[in-house]
Amino acid sequence: VTTNIRTKKLYDYLESINTELYKLATTDPLTGLYNRRFILEQLTMLNYNFKRYDHNFTIMIMDIDKFKSINDTYGHDAGDMVIIDFANRVKESLRKTDYVGRFGGEELIVILQHINEENSISLTRKILETLRKSEVKYGEFTIRYTASIGVKYCNLYFEKIDEYIKKADQLLYMAKEKGRNRAFVDTGINVMEVV
């Protein structure tokens with residue numbers, strides 16, 4: 001009995017360590033979102049399912065507008081608070097089955113699985129509206145920020161997942177060039193602005 005109790009405690013301890021190691025390996029320490037590596041692994045699987053079962057998906061890449069000026073004006077602690085707020089607002093706007101990760105700096109990537117074009121556009125609009133209302137309290141200051149979003153609705157198969165990301169990234173830069181605080185969606189047939 002004593003041996004079984006010890007074995008059980010050891011097993012539970014190892015289980016908790018493995019859970020913690022998995023969390024450390026798959027999440028971003030600042031935001032608690034998935035990290036880039038985990039997101040790319042999920043995207044590879046979704047691309048496989050798209051090729052095999054024709055399950056459409058959508059990729060969004062979004063970036064805080066004029067983030068450098070937030071850091072320069074209020075400092076890096078304030079910048080971190082803005083990134084955390086940004087991550088939380090985006091995550092709360094998504095479905096439980098979607099993935100959101102920190103792609104780098106102040107840039108997030110979202111993967112919407114099993115979604116059609118119309119719902120992709122609707123969800124993009126929802127996120128954009130949520131971010132337009134964003135405020136972060138930092139001491140006596142209220143920091144308002146917006147974001148630009150590039151969206152690729154994936155209804156055409158690409159062998160390399162980098163192609164989807166590249167398309168979404170191009171649309172993100174289009175949103176920046178057109179004045180920021182906006183989103184562009186590539187539906188596979190045309191590119192449209194989400195208003």
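Me: Where is the place of Lys66?
Reply: This is a predicted model. Phi of Lys66 is near 50 degrees, a positive value in a residue other than glycine. Lys66 lies in the loop between E1 and H3.

Me: Is Lys66 buried or exposed?
Reply: Exposed requires over 50% relative accessible area. Lys66 has 54%, so the residue is exposed.

Me: Which loop holds Arg180, and what is its phi?
Reply: Most residues other than glycine have a negative phi. Arg180 has a positive one, although the residue is not glycine. Its place is the loop between H6 and E7. The phi of Arg180 is near 70 degrees.

Me: How many helices and strands does the protein chain have?
Reply: From the N terminus on, the elements run α-α-β-α-α-β-β-α-β-β-β-α-β-β. The secondary structure comes to 6 helices and 8 strands.

Me: What percentage of the residues of the protein chain count as buried?
Reply: The C-alpha atoms fill a box of roughly 70 × 55 × 25 Å along the principal axes. Among contacts between residues at least 6 apart in sequence, 65% join residues at least 24 apart. Of the 195 residues, the buried share is 43%.

Me: Which strands stand at the edges of the open sheet?
Reply: The sheet has 6 strands in the order E2-E3-E1-E6-E7-E8, with mixed pairing. An edge strand here has a single partner strand, so one of its sides is left without a neighbour in the sheet. Those strands are E2 (99–104) and E8 (191–194).

Me: By how many degrees are neighbouring strands of this sheet turned against each other on average?
Reply: Direction is ignored in this value.

Me: In which sense do E2 and E3 pair, and which residue stands opposite Gly101?
Reply: Strands of a sheet pair through backbone hydrogen bonds, either parallel or antiparallel. E2 and E3 (residues 107–113) pair over 5 bridges, in the antiparallel sense. Opposite Gly101 stands a residue of E3, Ile109.

Me: What angle does the direction of H6 make with that of E6?
Reply: H6 packs on the sheet. The helix touches E1 (57–64), E2, E3, E6 (147–154), E7 (183–186) and E8. Its direction makes an angle with that of E6 of about 145 degrees.

Me: Is Asp186 buried or exposed?
Reply: Asp186 sits in strand E7. Leaving aside neighbours within four places in sequence, its contacts include Lys152, Lys167 and Leu171. Buried means under 20%. With a relative accessible area of 13%, Asp186 is buried.

Me: Which residue of the hairpin of E4 and E5 takes a positive phi?
Reply: E4 (residues 135–138) and E5 (residues 141–144) pair in the antiparallel sense over 4 bridges. Tyr138 stands opposite Phe141 in E5. The hairpin has 2 residues between the strands. The residue with a positive phi, near 60 degrees, is Gly139.

Me: How are H2 and H6 oriented to each other?
Reply: H2 (residues 36–53) and H6 (residues 161–177) pack with axes 10 Å apart, at an angle of about 105 degrees. Among the residues in contact are Leu40 and Phe50 of H2 and Tyr164 of H6. By class, this contact has 6 nonpolar, 2 polar and no charged residues. The helices are therefore roughly perpendicular.

Me: How far apart are the end C-alpha atoms of H4?
Reply: H4 has 18 residues. At 1.5 Å a residue, the helix should span 26 Å. The distance between its end C-alpha atoms agrees, at 26 Å.

Me: Is Glu92 buried or exposed?
Reply: Glu92 is in H4. Buried residues of this helix include Arg89, Val90 and Ser93. Glu92 has 67% relative accessibility, so Glu92 counts as exposed.

Conventions:
Residues are numbered from 1 along each chain as its sequence is written. This is a predicted model: local features need pLDDT of at least 70, side-chain atom pairs count only at pLDDT 80 or more; totals for chains, interfaces and linings use all residues. Side-chain values use heavy atoms; hydrogens and water are left out. Axes are lines fitted to C-alpha atoms, for helices over the stretch in contact, and angles run from 0 to 180 degrees between N-to-C directions. Angles under 35 degrees count as roughly parallel, over 145 as roughly antiparallel, 65 to 115 as roughly perpendicular and the rest as oblique. Contact means heavy atoms within 4.5 Å. Ala, Val, Leu, Ile, Met, Phe, Trp, Tyr, Cys and Pro count as nonpolar, Asp, Glu, Lys and Arg as charged, and the others, Gly among them, as polar. Two strands pair if DSSP finds at least two bridges between them. Buried means under 20% relative accessible area, exposed over 50%, partly exposed in between (1.4 Å probe, protein chains only). The expected span of a helix is 1.5 Å times one less than its number of residues.
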